[in-house]
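Hello,

Here is the structure I promised to pass on to you. Please open it beside this message, and then read on for what turned up in it.

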Amino acid sequence: MSMPHHRARLSDRFLTRRDFLTRCGMGLGMIGLANLLGTTANGASSLATGISANSPLAPHAPHFPGKAKRVIHIFANGGPSHVDTFDPKPSLARLHGKPLPMDNLKTERRTGAAFKSPFQFKKYGQSGIEVSELFPHVAGHIDDIAVIRSMNADVPNHEPSLLLMNCGEARLPRPSMGSWVTYGLGTENQNLPGFISMCPGGYPIQESQNWQSAFLPGIYQGTYINTQHEQIEKLIEHIKNKNLTVAEQRQQLDLLQQLNERHARKRAQDAQMESRVQSFELAYRMQMDATDAFDISKEPQAIRDLYGTGTQARQLLIARRLLERGVRFVQVWHGEGQPWDNHDDLEENHRRLAKDCDQPIAALLADLKQRGMLKDTLVIWGGEFGRTPTVELPTPGANSGKINGRDHNHHGFTMWMAGGGVRGGQAYGATDEFGFKAVEKPVHVHDLHATILHLLGFDHTKLTFRHAGRDFRLTDVHGNLVKELVA
Amino acid sequence: LRKVVRAKFIFPFLILFGAISICVPKSSGAAAVASPDQIEFFEKQVRPVLSDHCYSCHSAKAEKVKGGLLLDNPAAVLKGGDSGPVLISGDPAHSLLIKAVRYSDPDLQMPPKNKKLSDAQIAVLEAWVKMGAPMPAAAGAPSVTRLDEARAKHWAFQPARKSALPTVRNRRWIKSPVDNFILAGLEAKQIKPAMRADRRDLIRRVTYDLLGLPPTPREVEAFLADYRSDAYARLVERLLASPHYGERWGRYWLDVARYADSKGYLAGGEERRFPFSHTYRDYVVRAFNEDKPYDQFLIEQIAADKLSLGEDKRTLAALGFLTLGRRFLNNQNDIIDDRIDVVTRGTMGLTVACARCHDHKFDPISSKDYYALHGVFSSSEEPAEEPLLGALGNSKEYQDYLKEKEKIEKEIADFKTKEVNEFLEKLRDRTGDYLLAVHEQTNWEEGAAFETYVGQRKLNPAALRRWKADLDKRLANPDSIFQPWANAAKIVWSSDTNAAIAAKQLRELTTTNVVLSDALKSAAPKSLNEVAKVYTKLLNEVDAEWKTVRAEAVKKGKPAPAALASPDRESLRLVLYAEGAPANLTRADAEGMISKRLREGSAPLRGKIEALSWTHPGAPPRAMALVDRAAPANSPVFLRGNPGTPGDPVPRRFIELLGGGSPFTNGSGRLELARAIASPTNPLTARVYVNRIWLHHFGEGLVGSAGDFGIRTEQPSQHALLDYLASYLVEHRWSTKDLHRAILLSSTYQQSCEASAQAVRLDPDNRLYSRMTRQRLDYEAFRDTMLALSGKLDEHLGGVPVDIQSEPFSPRRSVYAFIDRQNLPGVFRTFDFANPDVSNQGRFHTTVPQQALFLMNSPFITEQARGLADRADVKQAANASEKIRTLYALVLQRPADPAEIALAEKFLKSQPADEKYTPLQRFAQVLLESNELMFLD
């Protein structure tokens, strides 16, 4: 059984000495170096081929051709309420203020009577899937979207649920989905990080563990970007030199490469040293490319209008620019902490949060589509769980006792996916009559992961990494592909 | 297959099956001949199906085995159930098992109750039967035979044998026993070893190797000028004696120990920093510098608290090995799992943590082994206060620390006094509110209703209870002050009361205390609420009067009066001030009543004291220790790793494979565990350690997976050498430095990196050590080199961890960096720093542009480039070419050649005369970025 991503020894991918001796022994390495030195005067291109062989981020083929080439995961952190967005429950209106005819399921806090959605639902598109008034723009794309109404997770707490959604394991340090994908596929643009996680204002709950590489090499960890900032220096570390002009820095690098070439000339070819030579050229170009990628002022006015204004619009437009440039995995968080966690004042808060992101998300879908990118870009939307259909009761110290919000709900919630080989225009699975629990075709987070990896061309049981005596995978020992979600 | 048994008419049919089943391999069944691939297939595909859907009735662990059928071991599978065999090897179509899961027969449906397996799961079982139902020997606890078999088969489970030194032809090449093994291998393939490395390369190589720092130009010149035959051996001795050796090699151990200075994610507000993590780090550095015998080193890290240490308690810090892991939101089982992993994988290369949910899938380690160790660690706890590591001493720094601490303690005391006074003042001010509350409150039970009541009225619950007790007591007898209140409480107050009733009500409020009586009369209250207000107002007045009287007495220098002059007013005063009055509390009682507020309010200050004890250089160091619990207890096996489904308890004991049979008897058993690991007869411990040491000298271990010596790790090609060195280590009192000597003094180590064409052809990946492997500086060596070259490096040892990320940049060595395991700064990650969450078996070696960006643009590098160009020895150089020569000698430890000087001069001329970043500083940066600095030949 061939396991292209199974590495018995660390050195097989990350120590390049042997690669060089076996693969580059015929002088390919030297050709790369010659090219490099020949082009440094103007910093021009032609580097990419020489670099790929040795970089841990070089593009790799998956197990089978996947429809999705890249991923954007829009994380509505805090837990958006499914019965107020994508999972209409008329029974709640009927029972509003009365107890459910079932025991309330156990969630983090006590909840009481049925709590009808304050928002109106309406059918959209040819598929006629109902979406609430919170997401009218997104709903305009419903025929491209697979709404998964039967998501479920393990516990009603943020920390474990965030880790489960991101890393497939609720407590122990495991690599995040973005790390796995970047490890499996590499990235298309060596001048940008392969996996970027954007969150305005600061970290979400559980912080950088959400995009951790854990036991995978650090290079697969998400690069965190605080999209509250607008200046490039604040977005990416060490991207600009404060003391040198570009031309002066080029002179420095020219000298460096001359010294490196003299050094190499006295020694047998060594892929590690060549890789390092090349990494300086990549870094040099990264300074321009990254600056350009984050500069949304380069977008035509019509596109900027499409996305609208505000932080969500800005970060989603940046995300599209990154995806377009070959970044493999982009995660876009709504904001620091847990913005969607509306234990109180659900109506007011959900309305505000959805207003922030509805138009930009819809714009992203439209924009990807018009560029022909939606077909191979997997767009994922959702939180770490949903919210109860029942009203949260006062808990001193935990909520403000207004009795107008909902508690966390991992028993059933909604996520949606679009593009990248997803069969759109369907509502998959269902929660019970009230939206408490996934009862029809339940999709566990592990199943979602298996399906996402499948869309990218991976058998989730075979994308593994040997660590501490075990071949670890994103889905651990779980996960079933949900075939109906695949076009 | 329960239904098979019930459906009697099938019975004769089964006998027929039995007849057919002769094609099943005889002897002990299919498993004996199962290949590793088949085992893997079983473990990955088949076992999950059986385990999830069949084992609840058909395994040794089933509560009640149904139909006498077990599907969890090969012999039982072959035997079948009460009614005979269930499968025909290679013939799924006719196997009862497959028929049952296919649901093709309405009387034979498994799993029962309409829980049919998915098509994919059925296909897996069919494929399995088709290949002869291979499965591992035993799926329960490893049987004695399984352990014996593992010991017989797997090289690393056998004792290390010290073989005779291989003989070689080129005996002159032999400088250490290591060379016999290496040269024999080379000679067998007719490969000549590489030349000895150039002496400059050699001093550079070995200095970095042992210290993680570059040699100075003086050291290089001295070595080159030393023509004695033992010059190199002397060099090695000098380096082994340097205190920086411990900083370098201690750090390698910290990688194994998944060392960090923080606990990882914890809920908001909880302190994440370990208070004294650095005492463990300093212990490790010291242990290497003192060449502490490795067995002792291990015993101390697992059970220092159980040793008799004498006066010097510094050894207690060793326990940080266990305690400094991630805290997993304080989930005890995860913390224990982390400790089991670091101990077993870190010291023995055994992946015991794999047996948390089920028996290890490859190695003969059972869940029982795991939970035997679980019991050891769950019988250990962190002491309430970290133990001091030594006498307090009387240094100036310590005195400073005490002064700072006292200052904050006084702030805390002041804060408490202020809070208590405010509380008492409020109690005296709100008499009426409490009176009303005593009246209204009918439910005095602890509970939500009571709490909500007092919460809404902002009353202190304890004070309210005292008021009730006090009132009850007073009203047991006629009481001139509270009788009117008691009467008022009985009145049915109404808003439209005629004058006569009002007068009658007012009469009820008459009392012998004229002051009170008058006050009530003149207020003419219309509700109980208004009566309460009269009490509040009057008592406030009396309190104010009392304060004024006392203040005036003080002003006039007279003794303060003991009572108010008017007896009526005095008895009102006593409501507030009599001993034991509800508003007159002792300080301790008052503090008790507002303890939550005091605790919360003083938290930042207490945090300051705590932080002071971690960060002040004079703070007494303490150990992140572990002690045995008063009542050690065995842990049950958690079925499928779930603490909610405990199985049978397992005695605390060592791993069976390695001789652990008898239960531990000394407390938690940590000391016995430690001794079993650090035993010369443990086949793994010395081997694993020797391999790690080799790994850091040569860039790769003799065994590739330094943290896994289990069954799937093949016997290394240099097995004999590994065993030789393991025995050597034990014989040399587990001396790490002796091990270094054996390796460093070898010709093998001293080879050049340049291989002959013949060696490249015959030994392309240098598995035979036909040359030295070129190595790249890791993060710490790289950063420390920058500081050393700029002349800024702070060489003192130990101390509290420092932030090395922000400006002004710390000049301390990287081993002293604060390691935040939750949000490890990007630079650490970029440069392949160890993962602070798991025991590391080596570092990754990636080459990515982010590393180059750091060198090109980070303020840290700019600062070091400036420092380097501005060093006195560079400044003093007469002219540009001399400066260039000096820089070459410092950075690359060699003379610059004329062409290089020409290149550099040309560069200097090309750069603008910028004061802020001079041409020479820019040139210095280029040298710091060069491959020649970064790679060690």
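Which residues form one aromatic cluster with Tyr245(B)? The members are Tyr245(B), Trp253(B), Tyr259(B), Tyr280(B), Tyr283(B), Phe288(B), Tyr294(B), Phe297(B), Phe321(B), Tyr689(B) and Trp734(B). Please keep in mind as you look around that this is a predicted model.

**Aromatic rings**

Counted over all chains, there are 54 aromatic pairs in the structure. One of them is formed by Trp180(A) and Tyr183(A): the ring centres are 5.9 Å apart and the planes stand at 70 degrees, so this pair is edge-to-face. Trp180(A) and Tyr183(A) are both buried.

Chain B has a pair to set beside it. Trp249(B) and Tyr252(B) have ring centres 4.8 Å apart and planes at 85 degrees, so they too are edge-to-face. These two sit 3 residues apart in helix 12 (residues 243-256) of chain B, so about one helical turn lies between them. Trp249(B) has a relative accessible area of 1% and is therefore buried; Tyr252(B), with 11%, is buried as well.

Rings also meet charges here. Arg250(A) lies over the face of Tyr284(A), 4.6 Å from the ring centre. In chain B, the charged end of Arg199(B) is found over the ring of Phe223(B), at 4.3 Å from its centre.

**Strands in chain A**

Of its 6 residues, 6 are buried, so the strand is largely enclosed by the rest of the structure. In a regular strand, side chains alternate between the two faces of the sheet. Here Phe413(A), Met415(A) and Met417(A) point one way, while Thr414(A), Trp416(A) and Ala418(A) point the other way.

What does strand 12 of chain A pair with over 5 bridges? That partner is strand 5 (residues 145-152) of chain A, and the two run antiparallel. Within the pairing, Ile148(A) has Met415(A) as its bridge partner.

Elsewhere in chain A you will find an open sheet of 3 strands in the order 2-10-11, with antiparallel pairing. Its edges are strand 2 (111-114) and strand 11 (406-409), each of which pairs on one side only. On average, and ignoring direction, neighbouring strands of this sheet are turned by 60 degrees against each other. Strand 2 and strand 10 (residues 386-392) are joined by 2 bridges, and Thr111(A) stands opposite Glu392(A).

Met102(A) is found in the loop between helix 5 (90-95) and strand 2 of chain A. Its relative accessible area is 26%, so Met102(A) is partly exposed. Setting aside residues up to four places away in sequence, Met102(A) touches Asp432(A), Phe434(A) and Phe436(A).

**Salt bridges**

A search of the whole structure gives 108 salt bridges over all chains. In one of them, the side chains of Arg321(A) and Asp292(A) meet at 3.8 Å, N to O. This pair links distant parts of the chain, with Arg321(A) in helix 13 (residues 311-324) and Asp292(A) in helix 11 (residues 271-293), 29 residues apart. Arg321(A) counts as buried because its relative accessibility is 4%, whereas Asp292(A), at 22%, is partly exposed.

Arg474(B) bridges to Asp470(B), with the closest N and O atoms 3.5 Å apart. Both lie in helix 21 (residues 461-475) of chain B, 4 residues apart, which is about one turn of the helix. Arg474(B) is partly exposed at 23% relative accessibility, and Asp470(B) is buried at 15%.

Arg687(B) and Asp723(B) form a salt bridge of 2.7 Å, N to O. Arg687(B) is in helix 30 (residues 685-698) and Asp723(B) in helix 31 (residues 719-731) of chain B, 36 residues apart. Arg687(B) is buried, with a relative accessible area of 1%, and Asp723(B) is buried too, with 2%.

Enjoy exploring!

Conventions. Residues are numbered from 1 along each chain as its sequence is written. Chains are lettered from A and ligands numbered from 1 in the order in which they are written. This is a predicted model: local features need pLDDT of at least 70, side-chain atom pairs count only at pLDDT 80 or more; totals for chains, interfaces and linings use all residues. Side-chain values use heavy atoms; hydrogens and water are left out. Two strands pair if DSSP finds at least two bridges between them. Axes are lines fitted to C-alpha atoms, for helices over the stretch in contact, and angles run from 0 to 180 degrees between N-to-C directions. Buried means under 20% relative accessible area, exposed over 50%, partly exposed in between (1.4 Å probe, protein chains only). Contact means heavy atoms within 4.5 Å. Rings of Phe, Tyr and Trp (its six-membered ring) pair if their centres lie within 6.5 Å; planes under 30 degrees apart count as stacked, over 60 as edge-to-face and the rest as tilted. A charge sits over a ring if NZ of Lys or CZ of Arg is within 6 Å of the ring centre and within 35 degrees of the ring normal. A salt bridge is a side-chain nitrogen of Lys or Arg within 4 Å of a carboxyl oxygen of Asp or Glu.
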